[in-house]
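The entries follow in the order I made them.

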Amino acid sequence: MSDPFVIVGGDAAGLSAASKHRRENPGREVIVFEKGRWVSYAQCGMPYYVKGEVESLMDMLSLTPEKAAERGIDLRREHEVVGVDTDASTVTVDGPDGRFEQPYGELLVATGARAVSDPIEGARLDGAFTIHGMDSAAAVRAFLTDPENPEFAEPDVPYVDTELVERFLSREPPETAAIVGGGYVGVEMAEAFAAHELDVHLFQRPDRLLEPFGEAVGDEVAGTLRENGVNLHLGEEVDRLESDGDGAVGTVCSSAGTVDADLVVVGIGIRPNSELVANTPVDLGESGAIATDRYGETSVDGVYAAGDCAEMRHTVTGSPAWVPLGLTANRAGRAVGQTVAGDPTPVGAIAGTAVVKAFDMECGRTGLVTHERAREAGFVPVSETVTAGSRSGYYPGGSETTVTLTADRGTGKLLGGTIAGKDRAAIRIDIVATALENGMTVDELERTDLAYAPPFSPVWDPVLVAAKVLNGTLED
């Protein structure tokens, strides 16, 4: 066929689009090019695999190549798309048998994002990792495994880099691990390394962890990490990693001094993989990700983008935003697949709703959290933070839950919120996310009819308590 639906990238957005399109239009050829061997894997599960709570890499596959073939998807792994010609409607592909041109009817760019390690000198030393791929997760877990009892190593998994895994499996496990970056990956990896009884050091250039989650959550998480033996180096900038003399990482050098480390994880952020369309008429947004409309289509007709390489509309501001998250990618890919099949389907808006776990502390965030970001969007932000019980006080198992809500002074419009606690706290952020999606005011949130029973919540859920207090401030 001369007009297949061609997809670049075989992870969440790409294979969601391919699967949905095949269901809606089974007669249409769908070709997915993936430059690596792994497809459709759970990036967010990697810290828990390293910890040992997830037994196998294969458990984190949402769709195997074999299942993709059963769905009628022409999935071509180890095929890298290196160029796009939007005038000729072709992509240039480097595959095992050489370079070729592939025509397309419609094109979806779902190339994801990549981990950032620059400008940290020495970030490519042996024993320094970014947890942004299945092979790196496998190598870290192999490194943590006793060579005499390799129960956690997986050199025989079909798609894994066997040489890399076996190289780290042959070494003595590290005693000290350092993490550079106090975001999602940093916090989750601290818990993973602590479970292996390592001496764990976490470096964060700002003076607070999990900056997108706001001040209250950052302070709660810092306290939890310290209680669990993690050494925090807040306000310390790491500029280089030094070798142990044999080509492997040995020392972390920060603005406050040095710390010896046998294993280092660099988790200072990611960037969108948008370079593929950089020399085409496809527009990029201010973030550097690909600009799209409400259907995921780019500035070029018939060319779409979805997932971590693309911008989407922000629920609160209405402006383009780049918030790379798993549900965002899956949902957008599915919508694009349906649109290309002839049923125009919006990809939806995003509020940046996210949750993270730090030992037994659960944290959530959604919408505009910082006053700086809210003011940039034209709002006059007002915030209140409350601490309330997660269950009725007389019912066992409850825990204090800290909620921060932010609203616009003039309109009372809810702008965002964060939450932290140890008893089903993270899932409560979905209440706030739903309120944002529906454009609710704080007053409307306060009057929301949430469920109550002593084992689940007090009469006034912590989110409602926060709305009540914030509403009182807005009325002053």
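Does Phe 213 count as buried or exposed? I found 1% relative accessibility for Phe 213, which counts as buried. The cut-offs I used are under 20% relative accessible area for buried, over 50% for exposed and partly exposed in between, with a 1.4 Å probe and protein chains only.

**Ground rules.** I note that this is a predicted model, in which local features need pLDDT of at least 70 and side-chain atom pairs count only at pLDDT 80 or more, while totals for chains, interfaces and linings use all residues. Residues are numbered from 1 along each chain as its sequence is written, and side-chain values use heavy atoms, with hydrogens and water left out.

**Aromatic pairs.** I counted 5 aromatic pairs. The rule takes rings of Phe, Tyr and Trp (its six-membered ring) with centres within 6.5 Å, and calls planes under 30 degrees apart stacked, over 60 edge-to-face and the rest tilted. Phe 129 and Phe 168 have ring centres 5.2 Å apart and planes at 55 degrees, so I logged the pair as tilted. This pair links distant parts of the chain, with Phe 129 in strand β9 (residues 128–129) and Phe 168 in helix α5 (residues 162–169), 39 residues apart. Helices (H or I, at least four residues) and strands (E, at least two) are DSSP runs numbered from the N terminus. Phe 129 is buried at 7% relative accessible area, and Phe 168 is buried at 1%.

I then took Tyr 184 and Phe 213, whose ring centres are 5.6 Å apart with planes at 70 degrees, so this pair is edge-to-face. Tyr 184 is in helix α6 (residues 184–195) and Phe 213 in the loop between β11 (199–204) and α7 (214–227), 29 residues apart. Tyr 184 is partly exposed, with a relative accessible area of 31%.

Ring pairs also join Phe 129, Phe 143 and Phe 168 into a cluster.

**Charges over rings.** I looked for NZ of Lys or CZ of Arg within 6 Å of a ring centre and within 35 degrees of the ring normal. Arg 171 lies over the face of Phe 143, 5.8 Å from the ring centre. The charged end of Arg 141 sits over the ring of Tyr 49, 4.0 Å from its centre.

**Thr 418.** I placed Thr 418 in strand β25 (residues 414–421), and it is buried at 4% relative accessible area. Leaving out residues up to four places away in sequence, its contacts (heavy atoms within 4.5 Å) include Phe 213, Val 217, Arg 365 and Val 369.

**Ala 349.** I found Ala 349 in the loop between α8 (326–340) and β21 (354–358). Ala 349 counts as buried at 8% relative accessibility. Beyond its neighbours within four places in sequence, Ala 349 is in contact with Arg 313, His 314, Thr 315 and Arg 331. The C-alpha atoms of Ala 349 and Val 264 are separated by 36 Å, the two residues being 85 apart along the chain.

**Second largest pocket.** What lines the second largest pocket? I found 16 residues, with Gly 214, Glu 215, Ala 216, Val 369 and Thr 370 nearest its centre. A pocket here is an open set of points on a 1 Å grid over the protein atoms alone, where a 1.4 Å probe fits, with protein on both sides within 12 Å along at least five of seven lines; a cavity is a set from which the probe cannot get out, and lining residues have an atom within 4 Å of a point.
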